[in-house]
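Keep the sequence at hand as you read.

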Amino acid sequence: MISVNFNPEVDKEKVDKLLKEIAHDPLGGWYSLPKNTDMGEFVRIKEAAKEIQDSSEYLVCIGIGGSYLGHRAINEALRPKSDTKIIYAGNSLSRRELDWALKKVGDHDFSVNVISKSGTTLEPAVAFGEFKKKLIEKYGETEAYSRIYATTDAKKGALHDEAVACGYKMFTVPDNIGGRYSVLSAVGLLPMAVAGVDIDKLLEGASDAVETAVEPATKYATMRYTLDSKHYDTEIFASFEPATMYFNEWLKQLFGESEGKNKRGILPDSVIYSTDLHSLGQFIQDGRRNLFETIIDYPTDEMNAKVVTAVRVAHAEGGIPVLNIGVPSYDERGFGELIYFFELACALSAKMMGVNPFDQPGVEAYKAKLQELL
Ligand code: PA5
């Protein structure tokens, strides 16, 4: 069970009202997802993962933002064992990165999982065009199409229409779940299963958290709200496990896109300690006092645990409010709980600030501007 080391006074009536709003929001499907997993699709995901592992040395995962960060976070953190390696593409518009990924796949056998809810995002569309061409050159059209797995909207969008026309295997981004809350759907489950993550255990952890995370998430959201009202406008997520760097990236996207609107929101930043004690550590200890720190306290070895204690004490003495999120286990179950805990806390925090946790008008504005320029 996730634990926290703070105990703010919670306005229970207000929280219950906000939780009801979240559960009934048209984009609140993630709230009960771990308990309502579509078992038919879950079985198809496992079958597809096995098929990819049997046929491919590489799976190219194409996606950006919510269609990318969550599964990369878990794959990097758990370093699961699979003979099929994952290559990530379509998460920038850098020609250099795309060429690197194409070269890395080289002549090896590969499949592609293209992930885009809207089916129109430019970065994945560009990468998908290139990898589709490579598949066709290597295998011919029929086999190429059988090696494409499209995770997208069930009914609409350019990727959906192409997948239907070409007969790609399709997985669904549920209509009622937005990108950054979608890691426990097919968006994350297929790439994680191919990488060797035990997705049964991940969902078990998340499912338990549907009940057990409510109390700690409520306390954490309340603490954030209180700190925000005292002008602590920047949150540093601190982890002492280097492999969780992408989990920090997922957190930054989750909080940044959910809260940062209507001139509100706490700016999320992140560090990996002890590495960053030798860079940002100086600022955190001694610089401008508008920060609070949220330690994601994974179970760790004895020496590293001493660093956790030292940081907690030193930064508190430096005038930084330090919040501690205790993670029960460094495995699939623990990460399942942690994902759900943060999704819930983030949605609650945004609601407390009076902003919609589930839209992203700023991202859409950038997408529209880029389309115009192109
Ligand atoms: O969280 C979000 O909604 C965004 O970050 C999207 O996931 C991102 O823009 C990619 O969108 P799409 O899955 O439609 O390609």
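What follows looks at the ligand site, then a helix residue, then some loop residues.

A word on the ground rules: the model is predicted, so local features need pLDDT of at least 70, side-chain atom pairs count only at pLDDT 80 or more, and totals for chains, interfaces and linings use all residues. Residues are numbered from 1 along each chain as its sequence is written, and side-chain values use heavy atoms, with hydrogens and water left out.

Start with the ligand, which sits in the largest pocket. A pocket here is found on a 1 Å grid over the protein atoms alone, as an open set of points with protein on both sides within 12 Å along at least five of seven lines; a molecule sits in it if more than half of its atoms lie within 2 Å of its grid points. Around the ligand there are 14 residues, and Ser67, Ser116, Ser118, Thr121 and Gln253 come nearest. To be near, a residue needs one of its heavy atoms within 4 Å of the molecule. By class, this shell has nine polar, four charged and one nonpolar residue. Asp, Glu, Lys and Arg count as charged, Ala, Val, Leu, Ile, Met, Phe, Trp, Tyr, Cys and Pro as nonpolar, and the others, Gly among them, as polar.

Which residues make polar contacts (pairs of N or O atoms within 3.5 Å) with oxygen atoms of the ligand? Serine 118 has a side-chain N or O atom 2.7 Å from a ligand oxygen, and lysine 117 has a polar backbone atom at 2.8 Å from one. For lysine 367, a side-chain N or O atom is 3.1 Å from an oxygen of the ligand. The protein covers 93% of the 390 Å² of accessible area that the ligand has on its own (Shrake-Rupley method, 1.4 Å probe).

Now find alanine 48 in helix 2 (residues 39-55); helices are DSSP runs of H or I with at least four residues, strands are runs of E with at least two, and both are numbered from the N terminus. Alanine 48 counts as buried because its relative accessibility is 4%, where buried means under 20%, exposed over 50% and partly exposed in between (1.4 Å probe, protein chains only).

Finally, turn to the loops. Asparagine 262 lies between helix 11 (245-259) and strand 8, and its phi is near 50°, a positive value in a residue other than glycine. Asparagine 262 counts as exposed because its relative accessibility is 60%. Lysine 263, in the loop between helix 11 and strand 8, has a positive phi near 60° and is exposed at 86%. Between strand 8 (267-272) and helix 12 (281-286) you will find serine 274; the peptide bond from tyrosine 273 to serine 274 is cis, with omega near 5°.

Note on methods: Polar contact = N/O pair within 3.5 Å; in protein donor to acceptor, adjacent residues only side chain to side chain. 1 Å grid on protein atoms, 1.4 Å probe; cavity = no way out; pocket = protein on both sides within 12 Å on 5 of 7 lines; lining within 4 Å.
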